[in-house]
Structure formats: structure tokens, C-alpha cells
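Dear colleague,

I am passing on a structure for you to look through. Please open it first and then read the notes that follow.

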Amino acid sequence: MRTDRRPLTTPSPALDTVRNLGILAHVDAGKTTVTERILFATGAIHKRGEVHDGTTVTDFDAQERDRGITISAAAVSCTWAGHRVNLIDTPGHVDFSDEVERSLRVLDGAVAVFDAVAGVEPQSETVWRQADRHGVPRIAFVNKLDRAGADLDAAVASIRDRLGVVPLVVQLPIGREDEFTGVVDLPAMRALLWRDGSETCEEGPVPDALREEAARRRRLLEETVAELHPEALEEFCATSALSEATLARTLRDLTLGGDGVVVLCGSAYRNRGIEPLLDAVLAYLPSPADMPPVRGTADGAEQERAPGAQEPFAALAFKVTATATGRLTYLRVYSGTLRRGESVLDAGTGRGERVGRILRVQADRHEEREEAVAGDIVAVIGLKAARAGTTLCAPGAPLLLEPPVVADPVVSVAVEARRGTDTGRLSTALARLVEEDPSLTVRSDPETGQTVLSGMGELHLEVAVEKVRSGHGVEVVVGRPQVSYRETVVRGVSGLVYRHVKQDGGSGQFAHVVLDVEPLDEGAAGFEFRSVVVGGRVPQEYARAVEAGCRDALAEGPLGGHPVTGLRVTLTDGATHSKDSSEPAFRAAGRFALREALRASSMELLEPVAEVTVSVPEDAVGGVLGDLAARRGRVSASTSHSGTAVVTATVPLAELFGYASRLRGRTRGRGTFTTRPVGLAPVPAQVAAALTAR
């Protein structure tokens with residue numbers, strides 16, 4: 001980490017002049033290039049880097065530069081038109097979706113980048129749904145309009161059809177493919193042109209050849225906005241048109257309300273379309289002042305805290321990295337002011353922490369700050385125990401914020417140090433990996449004693465193992481990847497009676513429970529527990545202990561020791577003893593009772609499945625379809641365009657290991673594929689029998 005020593009007293013910008021946004025996209029849609037061009041256009045950097053050269057600001061990790069993809073979310077900051085823009089470049093590969101999840105938890109808005117040729121791709125849809133869950137307002141940028149086959153209208157149609165949103169297209173391209181030179185700004189009815197060799201945008205009149213088409217599209221934009229916004233409808237009915245000011249105001253309202261998505265276009269690689277994109281970020285996306293008060297809990301009661309610098313301090317840690325000069329904890333400050341040297345409270349543990357230094361983040365560069373205020377995204381040094389999801393707050397005003405959701409790992413590998421003397425160093429390296437990336441887990445296999453590393457995909461684990469090798473100097477032996485299976489109830493049992501009685505001298509243990517076990521609604525995952533005991537036969541505190549015991553039993557199912565999901569347990573009756581009943585006794589009863597109930601139930605093995613989208617030359621489709629069938633794939637769609645076939649299929653994740661090399665071999669290097677997790681599916685009986693027999 002390199003730290004630029006600059007004055008620490010730079011004033012913090014007003015809340016309404018701050019934008020906290022993420023760049024979201026499918027891998028290779030050009031998201032990192034968009035980020036790089038934004039930094040260049042705002043003067044944050046003075047030389048444009050390129051992904052293929054490994055010279056971009058945000059892809060600073062050695063693996064990111066070698067692989068040409070974003071692996072970790074990188075934060076940067078810049079200024080545009082008097083506004084501070086805090087920007088997070090998120091990964092586009094499905095294996096690193098958890099990085100996107102943690103970033104979206106702390107962002108106010110986002111720019112979704114789409115390929116003008118491919119339109120909405122599988123990971124585009126995944127990150128869009130993630131943003132939906134967090135209620136993050138978005139605008140869309142259709143990139144790569146200079147590519148052969150680029151089609152803005154087709155890309156917009158895919159946004160409408162696949163994402164289920166109303167696209168509000170505010171630009172018309174000038175020129176097609178390699179002749180793309182600019183856009184018509186429809187609200188202002190002006191042309192924005194980028195000349196070859198020029199780094200700036202030139203404004204001019206709409207070209208005569210496009211004047212009629214621009215007027216038609218402007219009219220279509222007005223009609224669409226009028227249908228969605230009451231104020232616009234009133235003006236449209238009165239004047240049969242919408243003014244530029246009304247369009248700007250209502251487009252912002254529709255964006256913030258999630259009722260429409262403003263769509264812009266350009267070519268980031270050729271530096272065309274970036275300035276109007278930045279203008280749109282300021283015009284349409286929210287500032288921290290536009291966001292509702294953050295909600296949390298204190299002493300079991302829900303509380304709100306407004307985003308003001310004078311409010312009590314509250315922040316959420318969303319990322320932790322270990323560097324050569326210290327442990328960096330990335331924070332989104334929601335309220336109050338944090339000054340260097342101050343003590344803060346970890347609301348989850350109740351422990352105090354001291355903030356040594358506050359840094360403004362610029363990827364791998366950092367500018368030291370005296371303070372951070374509401375709306376800021378900063379990194380701090382000095383925190384010892386904070387993790388991603390930790391709430392930090394003022395000691396006198398505790399507030400616990402909801403942490404980001406961490407997905408369950410789906411792929412595991414056994415890892416061990418090549419040299420026995422490196423075992424301790426391997427353990428330290430793995431502990432640091434898990435600290436930095438909560439979607440990784442490490443456990444010891446009770447049967448083999450092996451250390452098992454689990455993550456979100458094959459590439460995720462490859463990257464993690466390489467970090468151990470290159471970052472910690474430990475040679476690692478890696479086993480074959482294994483997927484994380486689950487077990488579920490197909491047909492349950494009713495009225496299972498279990499008595500837990502234990503007497504070893506002194507006070508004993510007594511608990512009597514009666515359970516019903518049934519599957520959840522078809523396709524539902526998780527676990528539900530309820531108690532319908534009446535008359536106080538099982539007190540509420542003992543019912544909670546039974547639930548805890550049932551959750552303990554879910555760790556290992558009867559088929560193969562896999563975790564159990566998709567069931568509902570109902571406590572229907574029970575009995576207590578005046579002296580020997582206790583919460584530990586009822587917890588043990590719940591655990592043993594559910595284990596017995598699962599053995600008596602009809603169970604089914606589940607496996608993770610993924611939606612695979614394969615793009616291959618048309619002459620290779622037959623071989624690809626046969627290979628997918630051999631991998632137990634179910635083809636759901638197949639289309640063809642310009643000599644390229646696109647096949648979509650649902651395939652068990654266990655069958656996709658090594659698929660990249662097989663596809664390259666079958667298509668002579670011309671085939672590509674992407675994956676998107678779609679949940680769990682039953683394992684065929686023959687396959688399940690082979691797995692459970694191991």
C-alpha cells in the first residue's frame with residue numbers, strides 16, 4: 001500500500017454533493033474500462049490504463065492483471081462538477097458474487113454496464129437481482145457500441161424482457177459499429193461528438209440525417225415518462241410535450257422510485273460517452289441525503305438514524321484486507337463523524353476499538369484524512385477484531401445494523417502444505433483468507449483429518465489457493481473439487497415421541513417431546529420451526545431450546561452426513577419434570593428426536609445446479625449438445641445469430657469441473673461459456689446411490 005501524505009484538513013463535501021455508486025456488469029462487459037475512463041475524465045488519473053495491458057487502477061492485484069478480470073471490489077474516489085463520487089468497481093464473474101453483495105449493502109446507487117452485442121447476460125441478471133434486493137437505484141450504460149454487431153435497440157429490448165423494467169432511453173447513437181462517433185442527447189436535443197485523437201466532448205446541433213429519428217425517439221421518451229409520472233402526465237396533456245427541466249426532474253423521480261431505468265450508451269474503450277454518463281450519475285442517482293434514515297436495533301428495539309454529521313456515529317464494515325503496512329477495514333459511514341484516534345464500539349460484541357488512521361481510498365493508493373463524515377466510504381487502520389458486517393458506532397449511542405448476507409459455499413477442496421513444516425503457516429494463511437473473504441470457509445474433515453477449503457466456485461478456490469502460494473509463500477497440495485450436497489425431506493413423520501432421561505447422580509435431565517416433520521413448499525430451502533403446545537406443557541424457553549437442538553441436528557443428514565434443508569418441524573406436545581427439566585435437556589431432546597425423525601422419513605439428496613450459457617460456432621453445436629447431455633444437462637434454449645449458436649442449459653455443478661478445457665477442445669478454442677447458480681435439484685437415484693455408498 002502506498003499512502004500519499006497530503007493535508008488532513010480538506011473539508012468534507014455537503015451530503016447532497018456526494019454519490020456512492022457501484023459499477024455492475026457481466027464479466028467482459030467493460031465495467032473496469034468504464035471505471036478507468038471515469039477516473040481519466042474527472043482528472044483523478046492522467047493516463048488511461050487498459051485491462052489487456054494490466055494497467056488499470058482498480059485491477060491492481062497481480063492475479064487480476066494476469067487473468068484480465070476483477071476479483072475483488074475496489075473503491076476509488078473522484079470529483080465531477082463539484083460533486084464527490086465514491087465508486088466501487090465490482091467483480092463480474094459469478095464466483096465472486098459475494099463481493100458484489102457486500103458492496104451493494106453500502107451503496108446508494110449503481111451503473112449497470114451491458115455489452116451492446118450480447119445485451120443482458122447471465123451475470124448481468126444476477127447482479128441486477130442483487131441490486132433489486134437491496135433497493136439500489138440504477139441507470140444503465142450500453143457499452144461497446146463500436147463493436148461489430150452492436151445494436152442499442154436489441155440491447156434495450158433484452159433489458160426490458162429479461163430484467164422486467166421500463167427502459168428510458170435518453171440517447172441516440174451517431175454512427176454504427178466502428179463509425180460510432182457520438183450520441184444525440186434526447187432531453188436537450190443536442191449532439192455530443194468525440195473526434196478521433198480528442199480527449200473532450202464537443203457539443204453541436206443534431207445531424208440533419210438523424211433529426212427526424214431523434215424527434216421520434218424524444219417523443220417516445222416523453223410518452224413513456226408521462227405514462228409513469230403524474231406530474232409529467234399533467235404537463236403532457238396540457239402542452240403535448242415535456243420540457244427539458246420536467247424530463248430531468250421526472251427521470252430522477254422514476255429512477256429513485258425504481259419505476260424506470262435511464263439508459264445511456266457509448267464506447268468506454270474509445271472514451272466515448274463517459275462525460276454524459278457522469279452527468280447522468282449526478283442528475284439521476286441519489287445522494288446520501290436522499291436516502292432514508294438507516295435502521296438498526298438497540299436494546300432489542302428498532303431505531304433509525306438520519307444521515308447527518310451531527311448525529312451519533314454509526315458505520316458498517318463491508319470489507320477487510322491485510323496489507324504489508326496494516327489491516328485495512330473499509331467502512332460506509334451512515335451517520336455522525338469519525339475522527340482519527342477516537343474509540344468506537346463494536347455493536348455486535350460490545351468491545352471497544354480504536355481508530356488509528358482514516359484513509360480516502362484510491363484502489364491501492366490512499367490519502368490520509370483527519371475525519372470521515374456521514375456519506376463517506378473510507379478505510380481505517382487500527383481495528384483489531386472488526387470483520388465484514390461489523391457495526392461500529394459511538395460508545396454512548398449503540399446501534400446494530402443488519403450485516404450483508406453471506407452465501408453458503410458450493411464447492412470444496414482438500415488442502416495441505418506440501419512440507420510438514422509449513423502446516424502452521426498454512427493455517428495462518430487460510431485464517432487470513434477467511435477474514436478477508438467471508439464467502440470462504442475452512443473446516444477440518446472429522447473422518448480424514450484433512451483441511452477443507454470451501455467457496456463459491458472452482459475459480460474462486462483457484463484464486464484463494466494462489467493467494468496462499470504467492471502471498472504467504474506456502475506450497476499447497478490441492479485435492480479434487482467436491483460440491484456441497486444437501487439432504488431434504490420428501491415425506492415426513494407425525495407424532496414422533498422422544499423421551500430424554502439421564503441420571504448420573506444429583507440433578508438429572510428430563511425432557512419429553514413430540515414432533516411432526518414435513519417438507520416445506522416445493523423448491524423452498526431453509527428450516528422452519530413452530531410450537532403448537534397448549535396449556536404450558538412445554539414452557540416457551542424450553543420450546544426455544546428444542547428449536548436449537550433441531551438446528552444442531554440439521555448439520556448431518558441420514559443419507560450421507562450432508563446438511564439438511566427444506567423442512568418444517570412442529571412441536572406438538574411434551575412434558576417436563578419439576579426438578580430435572582432444563583434448557584440443555586430439551587435441547588438434547590430436540591437434537592436426538594429430529595435425528596430419529598429424519599431416519600424414519602423419506603429423504604432425498606440435493607445437488608447445486610447452474611444455468612450454463614454456451615456460445616459456440618454453429619458447426620460445433622452437435623458436439624456441445626452431446627457433451628451437455630453426458631453431463632446430465634437439460635437444455636432450455638438454443639438460438640443462433642450471425643454464425644454463432646447460444647445454448648442455455650441447466651447442469652449439475654459437479655459435472656462442470658474441467659468443462660472449460662473440454663469446450664475449448666471440442667470447438668478448437670472458439671467456444672465460451674458462463675454459469676449462474678440457480679439453486680438445488682434432486683440427484684438421480686443411481687447417482688445418489690453411488691454417492692451415499694462412498
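Leaving aside residues up to four places away in sequence, Arg 252 touches Arg 19, Leu 282, Ala 283, Tyr 284, Leu 285, Pro 286 and Asp 290, where contact means heavy atoms within 4.5 Å. Arg 252 lies in helix 8 (residues 244-257); helices (H or I, at least four residues) and strands (E, at least two) are DSSP runs, numbered from the N terminus. Arg 252 counts as buried because its relative accessibility is 19%; buried means under 20% relative accessible area, exposed over 50%, and partly exposed in between (1.4 Å probe, protein chains only).

This is a predicted model, in which local features need pLDDT of at least 70 and side-chain atom pairs count only at pLDDT 80 or more, while totals for chains, interfaces and linings use all residues. Residues are numbered from 1 along each chain as its sequence is written, and side-chain values use heavy atoms, with hydrogens and water left out.

In strand 16 (residues 326-335), 9 of the 10 residues are buried. Strand 16 pairs with strand 15 (residues 314-323) in the antiparallel sense over 9 bridges; two strands pair if DSSP finds at least two bridges between them. Strand 16 also runs antiparallel to strand 23 (residues 377-381), joined by 5 bridges, and Leu 328 has Ile 381 of strand 23 as its bridge partner.

Yours sincerely
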